[in-house]
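Reader: I am new to this structure and would like to go through it in questions. Please show it first.

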Amino acid sequence: GTVAALIPAAGAGTRLGHGPKALYTLAGRTLLERSIGALRPHVDEVVVALPEGRGDEFQAAPDPQVRFIAGGETRQLSVRRLLHATTADYVLIHDAARPFLGARIIHDLLEAVAETGAATVARPVADTLVRGGAAGTGSLWGELVAREGLWAVQTPQAFRRELLLAAHDRAHAEGHAATDDAGLIARSGGQVRLVRGDARLFKITTPDDLPLAQALAAVWDA
Ligand code: C5P
């Protein structure tokens with residue numbers, strides 16, 4: 001079947017504080033350029049959701065394999081628009097905020113999605129997990145959460161497009177908000193295969209993440 005890479009990149013990047021996060025330049029290339037470059041060789045087309053009015057900046061270097069659309073108010077709405085913007089059989093959804101994406105992971109995901117119709121990259125949790133206590137700031141040790149069997153979910157996530165579209169339509173109709181697409185499949189009773197991810201797929205979220213991202217970019221680009 002055909003595969004489209006869908007990149008929600010329409011966030012404001014408020015926590016990072018550098019304008020739209022996907023357009024942040026890391027060692028000479030934006031986070032978005034890095035994600036497009038990683039996915040492009042493995043898919044039939046790439047569709048990117050950008051903040052309203054930012055698409056023009058990219059038409060300077062037209063690429064017939066890459067299209068830009070306007071995103072929505074939330075990530076969920078941006079993904080919904082992306083799903084409606086392609087007719088591919090399978091979609092690979094990837095946050096532009098995770099620029100260090102290797103070919104092995106894309107291969108593993110595409111293999112897994114052919115079996116279950118839904119798969120996500122995830123990592124077994126290594127740290128001890130504890131709920132913050134009710135001390136106003138949440139800085140007190142509260143309840144310990146057993147980490148056994150817990151996985152931290154990343155992107156990319158792969159789906160049969162029609163399966164994810166149905167899950168999105170359902171969540172939309174029910175007013176259910178979600179930050180994650182695989183979660184919507186599980187919520188609809190579907191099976192999601194967990195594919196072992198990579199520490200390098202961490203999400204760049206706050207300024208604290210930038211030194212690590214810069215150090216990694218130097219190694220990644222070498
Ligand atoms: O804010 P957060 O890092 O969780 O966003 C995850 C991804 O979703 C980012 O790549 C961001 O650009 C995207 N997003 C979007 N549309 C929104 C909000 C976030 O495409 N309205």
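Reader: In which sense do β8 and β9 pair?
Author: This is a predicted model, in which local features need pLDDT of at least 70, side-chain atom pairs count only at pLDDT 80 or more, and totals for chains, interfaces and linings use all residues. Residues are numbered from 1 along each chain as its sequence is written. Helices (H or I, at least four residues) and strands (E, at least two) are DSSP runs numbered from the N terminus, and two strands pair if DSSP finds at least two bridges between them. Strand β8, residues 129-132, is joined to β9 by three bridges, and the sense is antiparallel.

Reader: Which residue in β9 is the bridge partner of G132, and how many residues of β9 are buried?
Author: The bridge partner of G132 in β9 is W141. A residue is buried if 20 or more other C-beta atoms, placed from the backbone, lie within 10 Å of its own, exposed if 12 or fewer, and partly exposed in between. Strand β9 covers residues 141-145 and is hardly covered by this count. Of its five residues, the number buried is zero.

Reader: What is the order of the strands in the open sheet?
Author: Strands of a sheet pair through backbone hydrogen bonds, either parallel or antiparallel. The open sheet here has seven strands with mixed pairing, in the order β5-β4-β1-β6-β10-β7-β11.

Reader: Which strands stand at the edges, and what is the average twist?
Author: β5 (66-70) and β11 (193-196) each have a single partner strand, so one side of each is left without a neighbour in the sheet; these two stand at the edges. Axes are lines fitted to C-alpha atoms, for helices over the stretch in contact, and angles run from 0 to 180 degrees between N-to-C directions. From one strand to the next, the twist averages 30°.

Reader: Which residue of β11 is the bridge partner of A122?
Author: Strand β7, residues 118-124, and β11 pair in the parallel sense over four bridges. Within β11, L194 is the bridge partner of T120. The bridge partner of A122 there is R196.

Reader: Which strands does helix α2 touch, and which does helix α4 touch?
Author: Two residues are in contact if their C-beta atoms, placed from the backbone, lie within 7 Å. Helix α2 (residues 75-84) packs on the sheet with its direction at about 150° to that of β1, and the strands it touches are β1 (3-8), β4 (45-50), β5 and β6 (90-93). Helix α4 (residues 161-174) also packs on the sheet, with its direction at about 115° to that of β10. The strands touched by α4 are β6, β7 and β10 (151-160).

Reader: Where is the cis peptide bond, and what is its omega?
Author: Most residues other than glycine have a negative phi, and most peptide bonds are trans. P156 is found in strand β10. A cis peptide bond joins T155 and P156, with omega of about 15°.

Reader: What is the phi of A27, and is A27 buried or partly exposed?
Author: A27 lies in the loop between β2 (25-26) and β3 (29-30). Although A27 is not a glycine, its phi is positive, about 45°. A27 has 14 C-beta neighbours inside 10 Å, so it counts as partly exposed.

Reader: Is G17 buried or exposed?
Author: G17 is in the loop between β1 and β2. There are 10 C-beta neighbours inside 10 Å of G17, so it counts as exposed.

Reader: Which residues of helix α1 are buried?
Author: Helix α1 spans residues 31-39, and seven of its nine residues are buried, so it is largely enclosed by the rest of the structure. The buried residues are L31, L32, R34, S35, I36, A38 and L39.

Reader: Which residues come nearest to the ligand?
Author: A residue is near a molecule if its C-beta atom, placed from the backbone, lies within 6 Å of it. There are 18 residues around the ligand, and those that come nearest are P8, A10, G11, R75 and S78.
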